[in-house]
Amino acid sequence: MLRIGEFSVLTQISIYMLRHYNEIGLLMPEYVDQFTGYRYYSEEQLPVANKIRALKNMGLSLALIKDILTKYTSENELKSYLENQAIQQEVKIELLQRQLTLIESTIEHLDCQSSIPEYSIALKDFPKHNVVSYRQTIAAPNRESVLWWGLANAVQSLNIQYSSPNLNIAIFHDEGFVEENLDVEIQKSVARKYPDTGIAKFKTIEPFTAATLTYKGHYVKLPEVYEAMARWIADNHYKIAGPHFNIYHVSPETQEAFEDMITEVCFPVEPV
């Protein structure tokens, strides 16, 4: 039998922690002298103590270690459990690394003279949702309003229930930059799917992630916004995963002054 001090030296676990383990039922002495109160541990408890110390060094809580020692009695069971823990830790490490990259890239660009602050760019998860859409080629960017008028007329008789918040989205399908004959699709979010009309198409959009930046002001700022977002996406190890789109939170439809426009520019992305 080993006294608590001897057991502490052999296991490199402090006497204070051994007493705490006893209190929570994790590792109790083999024998306690009723007259002196001395605690004694057996040599057979050394492997258990070493296992506890090893699991604790892996970052596992004492409550979880107690559960592991109770449930996973065989080496194979413990191996399977630890393999699962390793996968979870890898996911956490990847998330922390991406967060660190975001911080570092923000620090790097804080001194940038651009009026578009890159720290305001953020990742947003778009859930599965239904939309009504109208896709057509327009002569120039300033002709986008033709699509909105056409869609409004096409669904006027359908008594559509729009979702809340009701998103007004313009998707730009051209592969590169074009100044005329733009392939544009506009969408409005709806509560459910409806039958298609000649112009209006109803469809379900699957979940996706996008880098987004919301800014206030004239659409003339868009090239600067695109530049800032492209730099942010590259610096944070993402790649563009689909056509970019704008969400018009405040548009000429409801606000005449261009300086009061509020536009959310979005680029679907995925990790590199």
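User: What radius of gyration does the chain have, and what would a compact globule of 272 residues have?

Analyst: The radius of gyration is taken over C-alpha atoms, and the globule rule is 2.2 Å times the number of residues to the power 0.38. A compact globule of 272 residues would come out near 19 Å, whereas the chain has 30 Å. Along the principal axes, the C-alpha atoms of the chain fill a box of roughly 95 × 50 × 30 Å. Please keep in mind that this is a predicted model, in which local features need pLDDT of at least 70 and side-chain atom pairs count only at pLDDT 80 or more, while totals for chains, interfaces and linings use all residues. Residues are numbered from 1 along each chain as its sequence is written, and side-chain values use heavy atoms, with hydrogens and water left out.

User: How many helices and strands are there in the chain?

Analyst: Helices (H or I, at least four residues) and strands (E, at least two) are DSSP runs, numbered from the N terminus. By that reading, the chain has seven helices and 12 strands.

User: How much of the chain counts as buried, and what area does the chain expose?

Analyst: A residue is called buried under 20% relative accessible area, exposed over 50%, and partly exposed in between (1.4 Å probe, protein chains only). Of the 272 residues of the chain, 35% count as buried. Accessible areas come from the Shrake-Rupley method with a 1.4 Å probe, and for residues only the protein chains shown count as cover. The chain exposes about 16,700 Å², of which carbon and sulfur atoms supply 54%.

User: How should I read a sheet, and what is the order of the open sheet of three strands?

Analyst: Strands of a sheet pair through backbone hydrogen bonds, either parallel or antiparallel. Two strands are said to pair if DSSP finds at least two bridges between them. Here an open sheet of three strands has the order 1-3-2, with antiparallel pairing. Strand 1 (2-3) and strand 2 (31-32) stand at the edges with a single partner strand each, so one side of each is left without a neighbour in the sheet. Strand 2 is joined to strand 3 (residues 39-41) by two bridges, and the two run antiparallel. Within that pairing, Val32 has Arg39 of strand 3 as its bridge partner.

User: Why is strand 7 described as largely enclosed?

Analyst: Eight of the nine residues of strand 7 (residues 182-190) are buried, so the rest of the structure largely encloses this strand. Strand 7 pairs with strand 5 (residues 129-138) in the antiparallel sense over nine bridges, and Ser133 stands opposite Gln187 of strand 7, while Ile138 stands opposite Leu182 of strand 7. Strand 7 also pairs with strand 6 (residues 168-172), again in the antiparallel sense, over five bridges, with Ile171 opposite Glu185.

User: Which other strand is joined to strand 5 by five bridges, and how many residues of strand 5 are buried?

Analyst: Strand 5 is joined by five bridges to strand 8 (residues 201-205), and these strands run antiparallel; in this pairing, His129 stands opposite Ile205 of strand 8. Strand 5 is mostly covered, since seven of its 10 residues are buried.

User: Where does Tyr134 lie, and which residues are in contact with Tyr134?

Analyst: Contact means heavy atoms within 4.5 Å. Tyr134 lies in strand 5 and counts as buried at 13% relative accessibility. Leaving aside its neighbours within four places in sequence, Tyr134 is in contact with Leu147, Gly150, Leu151, Val184, Glu185, Ile186 and Ile199. Tyr134 and Ile186 are 52 residues apart in sequence, yet 5.4 Å apart in space, C-alpha to C-alpha. In the chain, among contacts between residues at least 6 apart in sequence, 68% join residues at least 24 apart.

User: What is the phi of Gln12, and what is the phi of His237?

Analyst: Most residues other than glycine have a negative phi, and most peptide bonds are trans. Phi of Gln12 is near 60°, a positive value in a residue other than glycine, and phi of His237 is likewise near 60°. Gln12 is placed in the loop between helix 1 (4-11) and helix 2 (15-23), where Gln12 counts as exposed at 62% relative accessibility. His237 is found in the loop between helix 7 (222-235) and strand 10 (238-240), and His237 is partly exposed, with a relative accessible area of 45%.
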